[in-house]
Amino acid sequence: MTEELTMDTDALKAAMATLEGGDRELAFPGTDAVRKARHGVDALGKWQIVQIGAGIIFAVAGGTVWSSLLARPGLLFASGLLINLFGAAMIALGVAGLTHAVRIDVAAPIIESEEHMARLHRIKLVSSWMLGASWWMLWLPFMAVVVRLVWGADMLAPIGISAWLLTTVASGVIGWAGMWGLRRWAARNGQTHLAARMDDMMTGHSFREAHRRLKEVARLAAD
Amino acid sequence: MASRGISDSEKFAGLIRDHAGIVRKVAATYARDPDDRADLVQDILANLWAAWPRYDDTRPFPTWMYRVALNVALSHVRSVYRERRVMTPLTVDHDAVAATGPDHAENQALDALHATMARLGPLNRAVLLLYLDERSHREIGEIVGLGESAVGTRIDRIKQKLRRELA
């Protein structure tokens, strides 16, 4: 290996030149592949818009509940506030992601594209963590907000703070155990996309990868 | 390619044929095995055609083509790496590309080229690819997004890194 790597630059250039001609003509892609390529980058932005829209619904729903209970704050007031904040976080992360998604251009200089891709990737990971994982804890406040808005009732009134906390923690543990089981099933049944996504979420590998990409871009840009 | 004018698609096909080497070089630099390479070639061509309406023909076609090909390759290499990480333990030379040419000496030269590339991160690999393809510093700068002097500095650092690792 070392002997091979000691080739001089001219030899490496000659090796590169041998790739110029191929043994086959390039086959042009079909319509589906082109459609996929065209929609690939657009989809990044569309998901951010969907997230912003959902965030607005959560923020308005939560805000409506807590603002009507200012005079008698309790568990329902806290639930409204939590869902309001959850919605605001969705909107903020969606807007941050969208600013990068709309600037990704496949024909742009590669450092520029890499920086936007890495930043968008990091934002999406933060969104997955914050908005996905917190859901195991937020489902009860969410239900309380929905029940209040639809039927005008306070489903948390008969529940004390300790019961509320116990339910929240228990559902969190069950949720995480379920995710672990799903990851195990996905890895054993060839669901590589799903297993990779779950690994990324659960181990933080992608955070480090996105951070490494940004550092690589910064190093090149600093020359 | 049927939805646009015949002359437009013919012009595109002609330019791609004239510069097919760019696609092959980028695919060979970033894809691990023949199947990966074939997928990457298709992905690059699909993205080139999808981006073609936005191509400004007052600008050099190879520069534009290199930008698209490298951007697609960088995305491809990251997604392939992520999938493989789940199922396959990576070896030291996981990025190496097997040479498949019929000529033994040519295969050795390609092995050395791929082994050299595998020592670099994806962005430095792009700079080395462009340098070995005898692109000017100005063109490399336009493709990568660096100034001409920064390209010179970066190439020197890549050479130093390779020399240091091989010492």
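Is A:Gly160 buried, partly exposed or exposed? A:Gly160 counts as partly exposed, because its relative accessibility is 35%. This residue and the other sites below are shown in a predicted model.

**Figure 1. A:Gly160 sits in a loop of chain A.** The loop in question runs between helix H6 (135-151) and H7 of chain A. With 35% relative accessibility, A:Gly160 falls in the partly exposed class.

**Figure 2. Chain A and chain B share an interface that buries about 5,500 Å².** Carbon and sulfur atoms give 65% of this buried area. On the chain A side 55 residues are in contact, and on the chain B side 69 residues. The rule finds 8 residue pairs in polar contact across the interface of chain A and chain B, both residues of each pair being at pLDDT 80 or more. Seven elements of chain A, namely helix H1 (2-5), helix H2 (9-18), helix H3 (31-67), helix H5 (110-133), helix H7 (161-188), helix H8 (192-203) and helix H9 (205-221), each supply at least two residues of the side that touches chain B. H9(A) gives the most to that side, with 10 residues. By residue class, the side of chain A that touches chain B divides into 27 nonpolar, 10 polar and 18 charged residues.

**Figure 3. A salt bridge links A:Lys13 and B:Glu134.** The closest N and O atoms of A:Lys13 and B:Glu134 are 3.6 Å apart. B:Glu134 lies in the loop between H6 and H7 of chain B and A:Lys13 lies in helix H2 of chain A, so the pair joins two chains. B:Glu134 counts as exposed, at 59% relative accessibility.

**Figure 4. B:Glu134 has a positive phi in a loop of chain B.** The phi of B:Glu134 is about 60°, although the residue is not a glycine. The loop that holds B:Glu134 lies between helix H6 (122-132) and helix H7 (137-144) of chain B.

**Figure 5. B:Asp133 forms salt bridges with B:Lys25 and with B:Arg135.** For B:Asp133 and B:Lys25 the closest N and O atoms are 2.5 Å apart. B:Asp133 lies in the loop between H6 and H7 of chain B and B:Lys25 in helix H2 (residues 20-30) of chain B, so the pair ties together parts that are 108 residues apart in sequence. Both B:Asp133 and B:Lys25 are buried, with B:Asp133 at 12% relative accessibility. The side chains of B:Asp133 and B:Arg135 meet at 3.1 Å, N to O. Salt bridges that share partners join B:Lys25, B:Asp133, B:Arg135 and B:Glu139 into one network.

**Figure 6. Chain B has 8 helices and 0 strands.** From the N terminus on, the order of its elements is α-α-α-α-α-α-α-α. Of the 167 residues in chain B, 54% are buried. Among the contacts in chain B with a separation of 6 or more, 66% are between residues 24 or more positions apart. The accessible surface of chain B comes to about 7,400 Å², and 48% of this surface belongs to carbon and sulfur atoms.

Notes: Residues are numbered from 1 along each chain as its sequence is written. Chains are lettered from A and ligands numbered from 1 in the order in which they are written. This is a predicted model: local features need pLDDT of at least 70, side-chain atom pairs count only at pLDDT 80 or more; totals for chains, interfaces and linings use all residues. Side-chain values use heavy atoms; hydrogens and water are left out. Contact means heavy atoms within 4.5 Å. Buried area is the accessible area (1.4 Å probe) that two parts lose on being put together, summed over both. A salt bridge is a side-chain nitrogen of Lys or Arg within 4 Å of a carboxyl oxygen of Asp or Glu. A polar contact is a pair of N or O atoms within 3.5 Å; within protein, one must be able to donate a hydrogen and the other to accept it, and residues adjacent in sequence count only if both atoms are side-chain atoms. Helices (H or I, at least four residues) and strands (E, at least two) are DSSP runs, numbered from the N terminus. Ala, Val, Leu, Ile, Met, Phe, Trp, Tyr, Cys and Pro count as nonpolar, Asp, Glu, Lys and Arg as charged, and the others, Gly among them, as polar. Buried means under 20% relative accessible area, exposed over 50%, partly exposed in between (1.4 Å probe, protein chains only). Accessible areas come from the Shrake-Rupley method with a 1.4 Å probe; for residues, only the protein chains shown count as cover.
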